[in-house]
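Please keep the sequence and the model open while reading.

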Amino acid sequence: MTAISSAGFSVNDRQYQPPTRPIAVLCLDGCSDDYIDTAIAKGRMPILKEMIETGFRAVARGALPSFTNVNNSAIVTGVSPLKTGISGNFFLDPDTGEEVMMNSAKYLRCGTILAAASTAGRKVAMVTAKEKLRDILSRGLPLESGQAFAFSTEKASEAQPETHGIGDVEEVVGRPQPAIYSGDASLYVLDAGVALIERELADFCYLSLTDFMQHAHEPSEPEMLDFMAGIDEAIGKLLDLDCVVAATADHGMNFKVHPDGSPNVIHLETVLTEQFGDGVRVICPITDPYVAHHGALGSAVTVHLDASLDCVEVATFIGSLDGVTEVLDRKGAVRELELPADRIGDLYVLSGQNVVLGRRSEDHDLSQLHGRLRSHGGRFEEKVPMMISEPVVAKTSDLRNFDVFDLACNFHLSREQA
Ligand SMILES: [Zn+2]
């Protein structure tokens, strides 16, 4: 067995002192506590059940808006969106006036824990289900030299040594890449992590799943339970390899429907244009290429207003709409939601547990949805599980999901101090 580096490192004003064991940090995309609790109660996650009995489990708070890019960026850096600069999947670039995807590493404003661990001598692997996350999460990794790996299951077959650090992913994992709209897209991520650690190619892994299954299924559905059992099996393999396993989520998931099952949407741009005329632009930061998940409908949007409109008047009106739970001006969003001022509009709006915010009906294609609309983005999807295979003494009661690398690397320090 080759030696695992125990060199400490610091990044974004946080210290990490990883033990000489492989570390696997899992982001169980869209996996709120109800998924974990239901699967454990039904006997489908016996390994995870035992892991948290001997280790650690708590509720953590994610970053807002409770979207995937926002939280994955926070998790790999250990800091909030205020510092990462990643405020959504999608934003209005103030420099160009264009609406653009925020999935390029150029938008990330700070270094990652993964890159720092690599510099400190760890063999780092970043595996994500969705290709949209790969560039941001692999920022600063020495992929060209093959000293680190970063790939997605969505494009596993296209991975090349010069750009991904590895070229034969399908051979390493032992099966062809799965479809992105599948549970296997996530299980493949975990299997890739297991294979890389087993072959001693990696000893510091970030494994980020996709929430396709959570968008399509509630916790007690048989398909969901089978999927959770698959995650449990993979966690077992990681534990057998003596990994420190740490799992959290980027956000939870809720039905966003009326009692009759139809989508419960406030088309905010339409509503505001009727009330105030032109000069309103609503940006849905959940917008991404995976429309079958959510039709670009989430519980958080930002509103850009022309100078002719009165910000307070518009905010007051939005606040009066049934289903809206919070309206913040830019300063308020920076303070309350930890968002970067230059990557959001004049107002930030969050909606209720069963309500989503959209732009105009023609901007949201719901024809490809799998079943009733389930989505996320607001406060009701902010709470997520935090589970570690080791007995951790948490330093704070306000645990964040982006503390997960801290707990996975530094758990032995807290034990020594305790
Ligand atoms: Zn997600």
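How close do the axes of helix α9 and helix α11 come, and at what angle do they cross? In this predicted model, the axes of α9 (residues 184-198) and α11 (residues 222-240) come within 10 Å and cross at roughly 10°.

**Helix packing around α11**

- Two packed helices are described by the angle between their axes and the distance between the axes.
- Since angles under 35 degrees count as roughly parallel, α9 and α11 are therefore roughly parallel to each other.
- On the α9 side the contact is made by Leu187, Leu190, Asp191, Gly193 and Val194, and on the α11 side by Gly230, Ile231, Ala234, Lys237 and Leu238.
- Sorted by class, the residues in this contact of α9 with α11 are 6 nonpolar, 2 polar and 2 charged.
- Helix α2 (residues 46-54) also packs with α11, at an angle of about 50° and with the two axes 7 Å apart, and that angle makes α2 oblique to α11.
- Here the contact is made by Pro46, Ile47, Leu48 and Met51 of α2, together with Asp232, Ile235, Gly236 and Leu239 of α11.
- The contact of α2 with α11 divides into 6 nonpolar residues, 1 polar and 1 charged.

- According to the domain assignment, the chain has domain 1, made of 12-252 + 382-417, and domain 2, made of 265-375.
- The centres of domain 1 and domain 2, taken over C-alpha atoms, are separated by 28 Å, and 23 residues of domain 1 are in contact with 25 residues of domain 2.
- On the side of domain 1 that touches domain 2, the elements that give two or more residues are α4 (81-84), β5 (90-92) and α10 (212-216), and α10 gives the most, with 4 residues.
- The residues on that side of domain 1 divide into 13 nonpolar, 7 polar and 3 charged.

- In helix α14 (residues 311-319), the residues Val314, Ala315 and Ile318 are buried, and because they cover an arc of only 100° around the axis, they lie on the same side of α14.
- The face of α14 turned away from this buried side carries the exposed residues Val312, Glu313 and Thr316.
- The elements that cover the buried residues of α14 include α12 and the strands β14 (300-305), β15 (324-329) and β16 (347-351).
- Val271 is found in α12 (residues 268-276) and counts as partly exposed, because it has 18 C-beta neighbours inside 10 Å.
- Apart from neighbours within four places in sequence, Val271 is in contact with Ile266 and Leu321.
- Val271 and Asp363 are 92 residues apart in sequence, and their C-alpha atoms are 14 Å apart in space.

**Backbone features in loops**

- Most residues other than glycine have a negative phi, and most peptide bonds are trans.
- The peptide bond from Leu64 to Pro65 is cis, with omega near -5°, and Pro65 has its place in the loop between β4 (56-61) and α3 (68-77).
- Asn12, which is not a glycine, has a positive phi near 50°; Asn12 lies in the loop between β1 (9-11) and β2 (14-16), and with 15 C-beta neighbours inside 10 Å it counts as partly exposed.
- Asp242 likewise has a positive phi, of about 65°, although it is not a glycine; Asp242 has its place in the loop between α11 and β10 (244-248), and it is exposed, with 11 other C-beta atoms within 10 Å.

**Arg109**

- Arg109 lies in the loop between β6 (99-101) and α5 (113-119), and it is partly exposed, with 16 other C-beta atoms within 10 Å.
- Leaving out neighbours within four places in sequence, Arg109 is in contact with Lys83, Thr84 and Gly85.
- Arg109 and Ile40 are 69 residues apart along the chain, and their C-alpha atoms are separated by 38 Å.

Definitions and conventions. Residues numbered from 1 in each chain as written. Predicted model: local features only at pLDDT ≥ 70, side-chain atom pairs only at ≥ 80, totals over all residues. Buried ≥ 20, exposed ≤ 12 C-beta atoms within 10 Å, placed from the backbone. Contact = placed C-beta atoms within 7 Å. Arc of directions from axis to C-beta. Domains from an automatic or database assignment. Nonpolar A, V, L, I, M, F, W, Y, C, P; charged D, E, K, R; others polar. Axes fitted to C-alpha atoms, helices over the stretch in contact; angles between N-to-C directions. Parallel < 35°, antiparallel > 145°, perpendicular 65-115°, else oblique.
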